[in-house]
Structure formats: structure tokens, C-alpha cells
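Let us walk through this model together, one part at a time. Have the sequence and the 3D view open, and follow along as we go.

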Amino acid sequence: MTILQKSTSLAAAATVAVATFAGPAAANGGEVNLYSYRQEFLIRPLLDAFTKDSGIKVNVQYVKGGILKRMQAEGEDSAVDAVLTADIATLRQHVEADTFQAVKSDVLAANIPAQYRHPDGKWFGLTVRARVIVHSNARVKPGEITRYEDLTDPKWKGRICTRSSGHVYMKSLLASIIAAKGEDAAQQWASGVKANLARKPQGNDRAQVKAIWQGECDVALINTYYIGAMRHNEAEPVQKEWAAAIDVVFPNQDDRGTHVNISGAGVAKHAKNRANAIRLIEFLSSDKAQSYYAASNYEYPVKPGVEWDPEVASWGKFKADDTDLWKIAELVPQAVLIYDRAGYR
Amino acid sequence: MAAVGDIQGPEWRGRRWRRPRLDAWTVGAVILAVVVASPVLAVFAMALAPDDGVWTHLASTVLPEYLYNTIRLFIGVAVGVLLAGVGPAWLVSMCRFPGRRIFEWALLLPLAVPAYVIAFVYTDLLEYAGPVQIALRELFGWTSARDYWFPDIRSLDGAIAMMSLVFYPYVYLLTRAAFISQSVCLLEASRILGRGPWESFFTVALPLARPAIAAGLSLALMETLADFGTVQYFAVDTFTTGIYRVWLDVNEPAAAQMAATLFVLVLALIWIERRSRRDQRYHQTTTRYRELPGYHLSGWRKWAAVGACAAPIILGFAIPAAVLGDYALANLAGGLDARFATDLWNSLMLAGLAAFVCIAAAVFLAYGVRLNGGRLLAGLTRFASIGYAIPGSVLAVGAVPPLAYLDHAIDAVMEATFDISTGLVFSGTVAALIFAYVVRFMALANGAVDSALTRVTPSMDGAARTLGTGPAGTLWRVHLPLIRGGVLAGATLVFVEVLKELPATILLRPFNFQTLATRAYEYASDERIAEAALPALTIVLAGIIPVIILSRAIRRSRPGHAAGG
């Protein structure tokens, strides 16, 4: 019987708990509810700075796939006000699923160049990152590889590492190749790189650099900010050694330029705290937040004129592929099918 | 003879079909079963939408690989959990050797280790930059990965090993309970008729325990099926990761169709297993119980037994716990803060609440069947268990539409009658999480409660009712005290599973809400193992205590076991 008595009191305690934890309180003017595809610890300092500036509390839920479904199903009852993503394709999915609303803001229009935001204000780019080639500085000579297309050269057989093609960074890179050279060329590229892989695609971008360091492969594709994150990793200093094993190449400087992607945000269609959500995004596009992104996450600020972090600047200036990101996002589903056909996991 | 967690429930064959009565039990059971099954139904509904020919593309490209990996994973894990589960269960139940009393409960410990945690611990140990390979390089003077061969832990075989190590306790748990409840008489008869101990084991004890072994195996395989984190981390594409990928990248109906196909396959497997022993009965024919024989092992046999029991514990628990402990200690100052306390409370609160709700629902259903009998109720009880056959990541998405539907309905009613908009009552609250957990883990509670209740002789009910106690009073004052062991076993399994659960928690939780599992996952997915260690270790530690309680409950469950012993 004692178990049951305990259970009863547990149930009573639970009722209290449910009441306490039953989601965010109704909007009292001082809140904004955020779904973030970026890990909370990456953006928390920035959100705290926003709260300090504005007095608006930010409630966050770190999310993965499935959240779009939830926003659609919950419809106008949805509690979310804004969504942060790590790439353009996810922004496009949200716009197409009609879970974002149009926002007109002079601040955002002034801070963010037109190519990095939706014409009607349904999404806004907040940072830029480039997808670059890195290679072993011991086993590959400078200048030996200069273009994404070089990765299909048979001389790299058994020497290339990448993360899984299921990741959005790999998908949008292939989408940019479809945009530049058409579907057939993209198919050949995917099959060609697949044929040169040293191992089954696995791990995140950092893991590819580690693989170069340990001699498993010589060439990899990664996003730029990982370089800074590894070179300055005080928590796990061994990562400094990984980063010291590589040279960075910005591909395709003599033709279309290096593929770039953005992290961005949109205001939820049924946002209850719409004004606060806009204020948050405006804050994220401000000089202060932009230089924080640049300094702490080693990303390129989207706002012109904001100084690059010295680490970021040390990689040098580069020519970015100026293909419309919206177009690239549109081609992402096609890229998935191409990877499948190439057997590129 | 029913096992502690036989997820299939009692055999209701032979029970006569009666016209269902429209009483509170039946109505309640119908509602409960429909609610619990609603996410599965939602997945089937999504599967009905047109898939734009994606199936053809999938079938000609990735599906064969998914299928091949899934089947190999299934076979590998099945062999692994049987090896690590059945042998030790027999040894600790029937033999005497050093450390037996400790092994008895310690063999359950890996149950508390989430599969994704053991995966990243062993990767950390065995990868190129890990201590094992560093030591080997120093020993032999190798300088790079090109100088030698070392098995790649991040592979299909690695995944099989990891899952076998943490899922075998399901087999061990149920098999041991079956061995314990076997009458010694049958074994004695076998020995008298000239069979040796090995032959008796294979021809008498093992077949007798088959329903329990099958139940344990199916639990382990359902967990294998549901696993997302390990195979994802090890870059092994299975049906489960495939469904998720198709869902996000390609198209929802195609993914739902894959999930539905998988679901039907699983049901078919369960059905085949049950059918294959349809004409066999595994009842004890005697109520004579004596102390289990306790063969004394000596010489090499003794040490072989110790080795067979120690290996799964060391590999599945001691090593992961030590590695996590090492990292956690180094990072303790940064990790033990108010946030950690909140995560811990959230995890315990969710697990406790889910266990309570699951058990309450299971008792309700099982007692309804007992009172009213009939195929309808028994069938509904089983229907309420089907969530376990759907991978958690799929179920999480499937739970979204029913929750939203309910919220919209409540909102509409409130608006129409009181002119108040209630917004979201369940979605994005703890209630939504509890709902998902109940759907997913109801099978565990159902099996445990059901088999415990079946063992209570119906004359108890008769006596209580004759003495003037109503059905509810009989349940409260007679049955619940009698089935305490089963209730405890079911509650423990649900509790531990909820502590480890990830996909539904990530998708359905409230804002600013973290559990130990989500925190560990966030860090681990960014390769920040050191920071992930403390929450991961805490999940393991929080799971150990109920596991030990469970083990004691099983020992006491043996018929004729002295009270309090």
C-alpha cells in the first residue's frame, strides 16, 4: 500500500509541476518565444545581451526536424514567435509551408543586403559562412586543388573525407553546382567525389579535419567557422593540433566563386509577440550582435561594414558565388535525389 | 508461468467471445486505446497522401541498403542479446559460484545506459585519437593510421556490439524471471530420466522459458528498431534513419509509408512467433516449489561462469561509467550548477509521472479484462501497446496532429460556450511529453501488470466480492497489494526508458525546458564530449537505483519465496 500512497502524493506533486511547467505564460508584452535549429549554448550569450538591452525575455527551444510539422498542426494557436535556422533551405521550407509571415522593417532593410533577405521580409539572413576545401599541409602541395570540380579528379582516389550528404551543408553545395552547371554535371560531380572518398561519410565538419590530422584522408569539405572554433578551442586543446594540420582553400576563385550559405530567421505566421520577434531579429542584425557573431562563432557578418574578427580575416578575402540563395534552396530536394543515385550516403 | 514483461498479454484463445457490454470499463478502455493509438493512426493517415513517385526513386536507390543494414542489425543484435542474456540468467538462477549474488542484480545495470551514450564512449576510447590506439602506437612505434589496421567502431558491427551490450538486460530480466518461476520438479524428472545438466537445460528449461525469451528478445529488437542516435552516429543507414531522412528531405507521405511498412513487418514477426508456439502450452502442472537446485560449480566451470557474467557488466556498464565519470569529474566545477539541478528534476519528474500514468492505465485495462473478459477488451489492451513498435522519432511526429487536434477542439468548445480562447492546452507542455511517453512505453507497463494479475487466482476476487467489497475496492485492497511486484517492474522499465528517451522529448517539450538527455545530446552532437559527460552519467546513475529495486522484486517473485527474504 505504501507504494500506492507514494504514487498518490507523486500525482499531487505532478499536478503542481504540470501547472508550473505548462509552457510559456501567456504573452505579457515582455517575452518572445523562439525555436532554434542552432544549439542553445551557441546563441545564449547573444539572447542574454538582447534581454539586457530590451527587457524582453527570450524563451528558447532547440529543435530538429519535425518542428515545421508542429507549427503547421498547431496553426494559429502556435506559441512560437520566431525561428532561427542554420541554413537557407530550412528557411525556404518554412516559407513554402506558410509558417512565416511577411515583415516590413526599415532597420532590417538597412542592415541586411537585399540578396540575403526575402523581398517581402519572410526571412532574413543573419550570418554568412563559406564552404571551403581544406587539405593536409603535409601531404598536399599548395595550389594542387583549387576548385570543387577538382575533387572528382582520380588523383584524389581514397583521399577525400566529407560529412554525410544528408546534411544540409552538403545538399546546398550540390544545389549550387546544379545551379551553375546543370543536373547532369552535378550527378557526375557527386558520383566522382563518391568514388574518391577515403571512408564512408560520417561525423560533422570538425571530424573531417580530425581525419586529415590522423592521416585517414588528405582533403575535406568544411564550413569556415569550424576552423576558428578549432584553432581557439581551449576546452579541448587537441583540436588546435587538428586545425594546425590543414591549409584552407577558397574554391573556384577564378570562376563562379566559393559557395556560401547563411544562418537566418523568420517571424512565425501566428506570432503572438510579433513586435518583440521583430525587435529580436533587428537586434541580431545590429552592429553589436553582428560583431559578436563574428568574434565568438567565427562567422562572416551579413551587415556590410562590420569588421571581421582577426581570425576570420586571417583566412583572407574571397569571391563568393553570387547565385541567388533562394534558387539554391529550391534545388536542394533535387540534390538529395542526385546523392541517392550516386550512392553517396 | 507468464513472464514479468510478456508484452503480448495473456493468451485469450479459448476465452469465449461475449457481446461487449457498454459499461464504464469497456468505454474507458476503448477511449484509452484510441487515444494511445492515435499517433500510430496519424502516421498511417499521412501515408495515404500521394508520394509523387518517390517510392520508385527510393526503391531503386537507397531502400535496398536500408533493408540490408536493418536485417543484419536485427540478426546481429538478436544473437548478441541471447548470448549475453540467456546464459547468465541460467547461471545466476541455477548455479552457485563466486559473486553470484552480485551478478544477479549487476547484470541489469547496462539497462540504465542509453545506447547513444555507450556509442560515443566507445568511439572516444577506440578511435584513432583515443587512449587505446595511442597506447598501441607507442608500444609498436607506429606513426599514423596508415601503419596498421584497427577495427572501425563506427560501423554496422560496432552498432551491433553497442546495442547488444545495452539491450541484453531485457532478455536477461525476463528469462531469469521465467527460470526462477519454473518448478524444479520438471528439471528433477529430466535428470532422473538420465539427462545431464546441459541436456536438461536445452531440452527442458530453455523450451519452458521460450515465451519469456521471445518477449525479452522482442523488447530488445523493438529498442534496436527505435534506435536513432547510435546508428546515426556510426553512419549506418537503417530503415529508421532512412524514414527520418526521407521525412525531412524528400516527402512526408513516402516517409509515412516506409514507417507503416515497417510497422506491419514488425507485427507480422510478432504474430509468427506467437503462432509458432500456438499449439504448445507452457504451464506448470504442479504447485510444488522448492529451493532451486543450485549446482555448485568448481574448477574451470566456476571461472567460466564468473567470466560469462562479468563480461557484459564490465563492457556494458563499468567501462562506460568509468569513462563518463572521468570526464565528469574533470568538468565538475563547470557542470554542477543550478541548471544541472533543474535538468535533473525535469528528468525525474517526467520519468516518475510517465511511469505512474502508464501503470495506472495498464492496471485499468488489465482489471477491465479480468472483470469483463471478452475478446474486445483483450484486443484493445493489445492495441494500446502498439506504440512500442514504431521508432520514437516517427512516433514523435505522429503525436503532433492528435495533440493539436485536441487543443483546437478544446479551444473551439471554450470559445463557443464561454467566449474564452484557451490556445494550446497540451501542445508544448509537460502533458504532451507524458502523452508521447505513454504511447511509446505503454507496452512495458501492460505486459508487467497483465502477467502479474493473471497469476492471481480468481477465487480471490470471489472471496472479496462475497465479503461485500465492490470491484474497485477489490482492486485496491486485494489485487494491488498482490501484484505489487509486477507493478514495480513495469514502473521501473518505463521510468528508466523515459530517462533515456530523446526524439519525442526534443520535439514536444516546452520552451526553456531541458532534461539530462536533451542536454547530453546537445553537447554530444557538437562533439563536446567532456561537457556531455555529466548529464549522461547522471542518467545512468538515476537509472541504477530503480534497476536494483527491480532485481530484488524479481527474486521475491518466486512462488514460495519466504516473505521478506
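Two strands are said to pair if DSSP finds at least two bridges between them. Strands themselves (E, at least two residues), like helices (H or I, at least four), are DSSP runs numbered from the N terminus. Before we use these terms, a word on what you are looking at. This is a predicted model, in which local features need pLDDT of at least 70 and side-chain atom pairs count only at pLDDT 80 or more, while totals for chains, interfaces and linings use all residues. Residues are numbered from 1 along each chain as its sequence is written, and chains are lettered from A and ligands numbered from 1 in the order in which they are written.

Which strands does it pair with? One of them is strand E9 of chain A (residues 300-301), joined to E4(A) in the antiparallel sense by two bridges; here A:Thr127 stands opposite A:Pro301. Strand E8 of chain A (residues 260-267) also runs antiparallel to E4(A), with six bridges between them, and A:Val128 faces A:Ile262 across that pairing. Further along, E4(A) has five antiparallel bridges to strand E6 of chain A (residues 219-223), where A:Arg131 is opposite A:Asn223. Strand E7 of chain A (residues 246-249) is another antiparallel partner of E4(A), over four bridges, and in this case A:Ile133 stands opposite A:Val249.

Now step back to chain A as a whole. Its two domains are domain 1 (31-128 + 261-313) and domain 2 (129-259 + 318-342), with bounds that come from an automatic or database domain assignment. Their C-alpha centres lie 26 Å apart. Where they meet, 15 residues of domain 1 of chain A and 18 of domain 2 of chain A take part in the contact, two residues being in contact if their C-beta atoms, placed from the backbone, lie within 7 Å. On the domain 1 side, helix H4 (88-96), E4, E8 and helix H13 (310-313) of chain A each supply at least two residues. H4(A) gives the most to that side, with four residues.

Chain A also touches chain B, in a contact that takes 53 residues from chain A and 49 residues from chain B. Among the elements of chain A that supply at least two residues each are helix H2 (40-54), strand E2 (57-62) and helix H14 (325-342). The most, nine residues, comes from H1(A).

Finally, what is chain B built from? Its secondary structure comes to 25 helices and two strands. The radius of gyration of chain B (taken over C-alpha atoms) is 24 Å, close to the 24 Å of the globule rule for 565 residues, so chain B is as compact as a globular protein of that length; the rule is 2.2 Å times the number of residues to the power 0.38. Its C-alpha trace spans about 80 × 80 × 50 Å along the principal axes. Buried residues make up 52% of the 565 residues in chain B.

Methods: Buried ≥ 20, exposed ≤ 12 C-beta atoms within 10 Å, placed from the backbone.
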